[in-house]
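Visitor: I have a structure to look at and a few questions. Could you take me through it step by step?

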Amino acid sequence: MSELTSVIGFPRIGGNRELKKVIEGYWKGKNGIDEVKETAAGLRAKHWKLQKDAGIDLIPSNDFSYYDQMLDTAILLGAVPQRYKDLGLGAEDTLFAIARGYQGDKGDVTAQPMKKWFTTNYHYLVPEITADTEIALTGTKPFDEFNEAKELGIVTKPVVIGPYTFLKLSRGAEGADLELTDKLVADTAKAYADLLVKFNELGAQWVQLDEPYLVLDKEDGDLDLFSTLYRTILAAKGDVKVLLQTYFGHIADTYKTAIELGFDGIGLDLIEGKDENLAALEENGAPENVTIFAGVINGRNIWRNNYAVSLGLLDAVKTKASHVAVSTADSLLHVPFSTEGEDKLAADVLKHFAFAVEKLGELKEVAELAELDDAARAADAKLAANQQLFDGTRVAPDAAVRDRVAKLTADEYVRQPARAERQAIQKQELGLPELPTTTIGSFPQTREVRSTRAKFRKGEISKAEYDKFIAEQIDDVLKKQEEIGLDVLVHGEFERNDMVEYFGQSLNGFLFTKNAWVQSYGTRCVKPPIVWGDVSRANPITVEWSSYAQSKTDHVVKGMLTGPVTILNWSWPREDITHEAQTTQLALAIRDEVLDLEAAGIKVIQIDEAALREKLPVRRSDWHVKYLDWAVPAFRLVHSAVKPGTQIHTHMCYSEFNDIIRDIDAMDADVISFEASRGDLVVLDAIHDANFETEAGPGVYDIHSPRIPSEDEIVDRIHEILKKMDVNKVWINPDCGLKTRGNAETWPSLEHMVAATKKVRAEL
Ligand code: GLN
Ligand code: ZN
């Protein structure tokens, strides 16, 4: 006997990224859509069966997606903008056109904007709802997948993004705020009610509606919206049980309302929202007919679960709720597939890790242990074995690192002189034109680049041969940048597999996996390294290639580094010391690199903090105390010791920093580039209103799409920017690194960018 077990969602890309490969093959015309469908069905079947065999009771379906579950939900509800329908493409191609843009004989449309999914590195497509959008249940994907599993003998728990989260994340035309009319709310509620009716007919027992947006602060009217939607929806549920699934934080401000609305199950994150969720449960209790889904298996880390801690949580929930299910705390989408095959890691390291497949086993074991009384638990071998993982110190501290951190003084966090003075010195020393043009760092990592790196890794070519290849790539990309007339050049980052892993490899304290991929957006996956011990820099990391590049041109070449907050956010952090402590260690390591680059004659150094906003806590009251108060100083520590003439750039992969604009300015960089082309330009107002001191390059075109922007389009964009910003502070650049792009679109796009800039300069 064990408690009911529930998985919120499972990774869909495949243990060997099968889905990625077949979809990208389809895009390149190497295979047909039928092969995509076949691979997809195979993966779904395999993943359901894995969960069944692990003894999971409530196995999710419709957690599968070709690209993104928000996009799937938009399509399900008929929220497909007319311009995509007008292309007249088939279902899958329409989906890909929304996700990636389309440029071909059927038309020319940009992709829908993409944003980060709460505090993860997963990105969703922002649904667009305008006055013309008719929301109604139009798609069949959740039903098809439910039936598909049923035919395999598995009655799944269908999972759909809930209406509140869907509407809260939707936007109007061109990024405007959504106009939340009564009709829209009523139509949305009706669509979900119809969904439940349909699942009733099909024989579903539970339906999970994901409402992660509930863990955010509430604005006026939010709780009313939530209640209005669900009063209609729950009235239609018939025999189906509805699980309100929340994750990534707590719902203390919503719990009581949820109980009153009559959900059959409420899923609480007992990792990220632990204290507040438990307090809400304590205060309000749980009615006899409500099952509390206790999220105790972490879907955001790769570490083994501490069973004693989980049992403590479950015991606490049980004192308040008569029906308890044991659940993952969030979707396992955000963890790699399995530790199986990670044979490069020593057994006594690997025993500390649990990826998605292993977490299924943990979920089942914890649920079984939860049924036992104290005496039986005390005698249980599995529990004892698990406890051993957490006894004692996993890894010994590095005394030199700890000592250096302890001795840090306040002035090491402050760069001198003040920014305005530095900016004047830099203008003189660098001699750049108005509206200087640059790129974010990487250039296309072609198949040749990737296969040559693979050959080197496998020992098929020598270091000398590899270095020669990289040098040629650098020569070539510098020449091309000069030819098209860019001002500040980059070396192209050809030697880097990934902006975090590359640094991790030269830092003490990091571990790497062979195959621990996690979906970032669409078919793009990342393989974060693991912080295992205290961090320090083993050797200079980037100096050699940066100096080489600088020696090859008269233009300024930007040195290219990854910042400490991003390294941590895109790694698997340890859990035995704080994030703050880990970030400070990383900051010191990167500071050493900054100073070495400067000493080698590099005049402009970009320290990417692509992921800074990602881990901003979901609740505003936590922003500073739990994050910015140490994340911003960590960045300052990295660059505070450079000379006034050395120009420090940073880059961020998002445009929503209106609300933390002062914190970004306080990082005290000289220049920032950021994504702005796919989102709205509200951030420019914020820059204007805040008297933003940092010079800024709001991306003038979208690199996440293969589409080539026209010169006119970019001219318009620059004009928009100049309406809001002082021309002396504006840089012109794409919105992110170009490594995922092909050369075919990259060079014409950049040529258009440079030509557009020249045109605007001539008007000044
Ligand atoms: N310098 C990195 C690049 O150009 C930045 C990447 C990023 O922002 N994600 O690839
Ligand atoms: Zn970026």
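Visitor: Which residues come nearest to ligand 1?
Guide: This is a predicted model, where local features need pLDDT of at least 70, side-chain atom pairs count only at pLDDT 80 or more, and totals for chains, interfaces and linings use all residues. Residues are numbered from 1 along each chain as its sequence is written, while chains are lettered from A and ligands numbered from 1 in the order in which they are written. A residue is near a molecule if its C-beta atom, placed from the backbone, lies within 6 Å of it. There are 13 residues around ligand 1, and those that come nearest are Ile440, Gly441, Ser442, Ala610 and Gly737.

Visitor: How many residues of the shell around ligand 1 are charged?
Guide: Ala, Val, Leu, Ile, Met, Phe, Trp, Tyr, Cys and Pro count as nonpolar, Asp, Glu, Lys and Arg as charged, and the others, Gly among them, as polar. The shell has six nonpolar and four polar residues, and its charged residues number three.

Visitor: In what order do the eight strands of the open sheet lie?
Guide: Strands (E, at least two residues) and helices (H or I, at least four) are DSSP runs, numbered from the N terminus. Two strands pair if DSSP finds at least two bridges between them. The pairing here is parallel. Strands E1 (4–6) and E2 (60–61) are the edges, each pairing on one side only. The order is E1-E12-E11-E10-E9-E8-E7-E2.

Visitor: Which residue in E12 stands opposite leucine 4?
Guide: E1 and E12 (residues 323–328) run parallel, joined by three bridges. Opposite leucine 4 stands alanine 325.

Visitor: Are H1 and H2 roughly parallel or roughly antiparallel?
Guide: Axes are lines fitted to C-alpha atoms, for helices over the stretch in contact, and angles run from 0 to 180 degrees between N-to-C directions. The axes of H1 (residues 18–27) and H2 (residues 33–53) come within 9 Å and cross at roughly 170 degrees. Angles under 35 degrees count as roughly parallel, over 145 as roughly antiparallel, 65 to 115 as roughly perpendicular and the rest as oblique. So H1 and H2 are roughly antiparallel.

Visitor: Which residues in H22 meet Ile470, Ala471, Ile474 and Leu478 in H20?
Guide: The axes of H20 (residues 463–484) and H22 (residues 543–551) come within 10 Å and cross at roughly 45 degrees. These helices are therefore oblique to each other. Two residues are in contact if their C-beta atoms, placed from the backbone, lie within 7 Å. The H22 residues are Trp545, Tyr548 and Ala549.
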